Amino acid sequence: MNLISLHLGQLKPYQQYYTSKVKESLMAALSFTHNHQPSDNRRGGSHNHRHGPIVEEIEGLIKVFNDGCVERPPIVPTVSATVHPSAKVTAFDIKLSNDTWARAYIPDAAAFSPSVTLPLLVYFHGGGFCVGSAAWSCYHDFLTDLAVTARCVIVSVNYRLAPEHRLPAAYDDGVNVVSWLMKQGSNGGYSWVSKCDLSNLFLAGDSAGANIAYQVALKITNTSKNLKGVILIHPFFGGEARTFSEKQQQSKSSALTLSASDTYWRLALPRGASRDHPWCNPLVSSSARLPTTMVFMAEFDILKDRNMEMCKVMRSHGKRVEGIIHGGVGHAFHILDKSSVSRDRIHDMMYRLRNFIHP
């Protein structure tokens, strides 16, 4: 049965209040003024004497120089896998290759109970394929809470970033992590994998990470019967034709702007590809192979209309899709926004995730 459920809340005039100075700085860097034009991200006039002119820039997040050098200011603190004793989670990092690693979160209910296994959720962080880390404090905090609330083991993937590693590098990393986990389960590898119910695998991510989860799902659906569902939080997709929300929803209460989005795609897609490339615009190809999918959307997100259309197309292929629109919040609010409005929506998101994983 096709399912779309809307959680709009009270759509009142909305103001953001950030209690963390770090989050204030991040939102300032992620957001642009309404008058900021897409071409302004190409800062050819700026110059570094060592690396030459800046050819692409998203202010405060990434600079790409003419010689190929890339700078990413440390705008979000990275943290170790340490968690507070009250968190009821064990966390640790796993080196998977020279290029990729992951951070695992195991609820104490499974960590200290030999007979208990929990569903496995493989998570991909956001950041336009170009920035972000599994060690960013905002992701570490969110996934620590999610592991307990949703009662699942979480493996958060630190994949290769563009433009040094353009797509499909991140997709390949995702497929390799899933394959590695399944191999460990079948050959009795790492003992912590025994805490995972590998027959209940879920892929999830936010923004660009949701795009990665989607593409990895497409790659493994035909070969893995273990994949039970895909969770897309504000999935980062695009297209040459603009949607209404992309043209109109340039709200200061949302982190992603159209100019930043265009820059990310220029840096992430294969050189010469347009935004109608199927990795950017999945509506140009069939999405019928995906398993049951949950899509979270945000009222003030420029991607809202594109995400709603994606739900419609997926349902037209006979797939069960649950779509949730959270009112009064913007793109990636679950990691960037600590306001009371956002906290209510995060609470709702986590419990919906738990019910999706444990139907």
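Tutor: Start with a term: buried means under 20% relative accessible area, and exposed means over 50%. Keep in mind that this is a predicted model.

Student: Is Trp265 buried or exposed?

Tutor: The cut-off for buried is under 20% relative accessible area. Trp265 has a value of 2%. Trp265 is therefore buried.

Student: How many of the residues of helix α7 are buried?

Tutor: Helix α7 covers residues 258-268 and is mostly covered. Among its buried residues are Tyr264, Trp265 and Leu267.

Student: Which kind of aromatic pair do Phe236 and Trp265 form?

Tutor: A pair of aromatic rings is described by the distance of the centres and the angle of the planes. Planes under 30 degrees apart count as stacked. For Phe236 and Trp265, the centres are 4.6 Å apart and the planes 15 degrees apart. The pair is stacked.

Student: How many residues apart in sequence are the parts that this pair ties together?

Tutor: Phe236 lies in the loop between β10 and α6. Trp265 lies in helix α7, so the parts tied together are apart in sequence by 29 residues.

Student: Which residues form one aromatic cluster?

Tutor: Phe236 is buried, with a relative accessible area of 1%. Phe236 and Trp265 both belong to the cluster.

Note on methods:
Residues are numbered from 1 along each chain as its sequence is written. This is a predicted model: local features need pLDDT of at least 70, side-chain atom pairs count only at pLDDT 80 or more; totals for chains, interfaces and linings use all residues. Side-chain values use heavy atoms; hydrogens and water are left out. Buried means under 20% relative accessible area, exposed over 50%, partly exposed in between (1.4 Å probe, protein chains only). Helices (H or I, at least four residues) and strands (E, at least two) are DSSP runs, numbered from the N terminus. Rings of Phe, Tyr and Trp (its six-membered ring) pair if their centres lie within 6.5 Å; planes under 30 degrees apart count as stacked, over 60 as edge-to-face and the rest as tilted.
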